[in-house]
Structures are given as C-alpha cells and as structure tokens.
Amino acid sequence: MTEKKMIGLVGLVLMLAFIYSTVNAQAVRPPKDGRSGALSRVLKDALQLTPEQEKKLEEFRQARRNETKAYQEKMAPMRDELRKLMGDPKADDQKINNLIDQMAKLRADRMKALYQSKKAWEKIFTPEQLKKLQEYRQDFKLKSEARRDRMGRRGGMMMRPGLSRPETY
C-alpha cells in the first residue's frame, strides 16, 4: 500500500471514530412520558417514600405537567401575536398594551399557582423527609456553586471570547 493511501485510510478511520463518538455523546434527557426519572429514584431512595407518597407525587407531577402544557398553549399564541404587532409600524398601541397586560396577568396567575402547588407538594412529605430534602438541596446548591467557581463565573474554557464566539466588548 502506498504512503498516500495509508494516510488517507488512517484519516478516514479517525474521522469515522470522531463522528461516532460525537453522535453517541449527545445528552440524555430524562423521560417525559410519566415514567420516573433519576431525580424521582433519588427522592424515593433517599426519603424512603411510602407507596402512598409515591402515588401522590406522581399524581402531583402529572397535574403540574398538565398545568404547564395549558399555560404554554395559552401563552404561545399571545407571544406570536405580540411579535407580529410590534413588528408592524401601523399597529394600534392600545391593542399592544392590552396584549401585554393579558400576558402579564397570565404570568401572575401562573406564579400564584406555582406558589400554591409548592405548598401542596410539601404536604405530601413528613417533617423528617422535608428536613432531609432541605439538606439535599443545600448540598446540591453548594456543589453547584463549587462547580461554577471551578469553571469561572463566565463559563468554561469554550465560553471564553475568541474561542467559540467573537468578542463583543
């Protein structure tokens, strides 16, 4: 085999290996179809949930998913309409302001519902489980801050200006 063919063959093999590893390195998303994900398993194991608590949590999650879907279905057309109106120089200011008010009310209602659902969620757990959950949250928060400090406040190496994006300042 000639030297050119050998170099071409090695290059091809390396390129295929790179493509294969890139395709297989994609992030794995948690399941969205109601099956419990990794966080659910950690909660179940760490908090030693009873079967009744697990059932209540699953019902709670399903209700929140439905609420989120309904909110998004209401908000998306409003956003589209607002973009369209704001791009139209002849659009009626009053119509734009009314749409902004409607969107703000929808967001406020959503935030109120989230607050109420947090209170309902906490009722599922015992005081001991809530304390343990708070400890896990604090530990997670500390780990996240440490990770952020290691990477620097502006992100990892690839987020530095000039490496993956042009400097904008």
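Let's start with the surface. The accessible surface of this protein comes to about 14100 Å². Carbon and sulfur atoms account for 60% of that. Keep in mind that this is a predicted model.

Next, the fold. Along the sequence, the pattern reads α-α-α-α-α.

How much is buried? The protein has 169 residues, and 17% of them count as buried. Now the contacts. Take those between residues at least 6 apart in sequence. Of these, 54% join residues at least 24 apart.

Which residues make it? Look at Met 6. This residue lies in helix α1, residues 3-24. Met 6 has a relative accessible area of 43%, so it counts as partly exposed.

One more residue: Glu 54. Where is it? In helix α3, which covers residues 51-87. Glu 54 has a relative accessibility of 28%, so it is partly exposed. Which residues does Glu 54 touch, leaving aside neighbours within four places in sequence? Lys 44 and Leu 49. Now find Leu 43. Leu 43 and Glu 54 are 11 residues apart along the chain. Their C-alpha atoms are separated by 9.6 Å.

That's the tour. Questions, please.

Technical notes:
Residues are numbered from 1 along each chain as its sequence is written. This is a predicted model: local features need pLDDT of at least 70, side-chain atom pairs count only at pLDDT 80 or more; totals for chains, interfaces and linings use all residues. Side-chain values use heavy atoms; hydrogens and water are left out. Helices (H or I, at least four residues) and strands (E, at least two) are DSSP runs, numbered from the N terminus. Buried means under 20% relative accessible area, exposed over 50%, partly exposed in between (1.4 Å probe, protein chains only). Contact means heavy atoms within 4.5 Å. Accessible areas come from the Shrake-Rupley method with a 1.4 Å probe; for residues, only the protein chains shown count as cover.
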